[in-house]
Amino acid sequence: MGGFYIPEVGIRQGGVKFFEQENQALLAAKCQDFFALLNSLVLCAFMPDGGAMPFSGMRDLFNAITGWNYSCEDLMAAGERGFTVQRLINIRDGYDGKADTLPQKCFSRPGKGFGQGKRLR
């Protein structure tokens, strides 16, 4: 997974392995929701990933500023709603399932690096 971990939402070391399908969809969905949340809060994505503030710290900051009492799960639900709105806007604007694909280069085998000779399954 490259070292991006958010233990508060279940993204832990060893949970996903490169070039393996297991848990990839769950990881993608959680990351989409998490980054939709970070974007809506105008927070840097590098903060929880080895930065000085874990997700629970972001939650505490959010609660201190707003006076609310959101949990990490509440914030992830807000991120999920934000991502869903983005998808609905794309559908409204004419982007359908045909446009919802990975680039072709994702299906070719890399010629060098850690993925040399491997491809997505």
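**Ground rules.** I'm working with a predicted model, where local features need pLDDT of at least 70, side-chain atom pairs count only at pLDDT 80 or more, and totals for chains, interfaces and linings use all residues. Residues are numbered from 1 along each chain as its sequence is written, and side-chain values use heavy atoms, with hydrogens and water left out.

**Entry 1: the whole chain.** I looked up the elements and found 3 helices and 0 strands, running α-α-α from the N terminus. Helices here are DSSP runs of H or I with at least four residues, strands are runs of E with at least two, and both are numbered from the N terminus. The C-alpha atoms fill a box of roughly 50 × 35 × 20 Å along the principal axes. I then checked burial: 21% of the 121 residues count as buried. Buried means under 20% relative accessible area, exposed over 50%, and partly exposed in between (1.4 Å probe, protein chains only). For contacts (heavy atoms within 4.5 Å), I took those between residues at least 6 apart in sequence, and 39% of them join residues at least 24 apart.

**Entry 2: aromatic pairs.** How many aromatic pairs does the structure hold? I got 5. Rings of Phe, Tyr and Trp (its six-membered ring) pair if their centres lie within 6.5 Å; planes under 30 degrees apart are stacked, over 60 edge-to-face, and the rest tilted. I started with Phe-34 and Phe-55, which are edge-to-face, at 5.1 Å centre to centre and 90° between the planes. This pair links distant parts of the chain, since Phe-34 sits in helix α1 (residues 24-41) and Phe-55 in helix α2 (residues 55-66), 21 residues apart. Both Phe-34 and Phe-55 are buried.

Next I turned to Trp-68 and Tyr-70. Their ring centres are 5.5 Å apart and their planes are at 25°, so this pair is stacked. Trp-68 is partly exposed because its relative accessibility is 49%. Tyr-70 also counts as partly exposed, at 28%.

I noted a cluster as well: ring pairs join Phe-34, Phe-35 and Phe-55.

**Entry 3: Asn-63.** I found Asn-63 in helix α2. Is Asn-63 buried or exposed? Its relative accessible area is 12%, so Asn-63 is buried. Which residues is Asn-63 in contact with, leaving aside neighbours within four places in sequence? I listed Trp-68, Asn-69 and Tyr-70.
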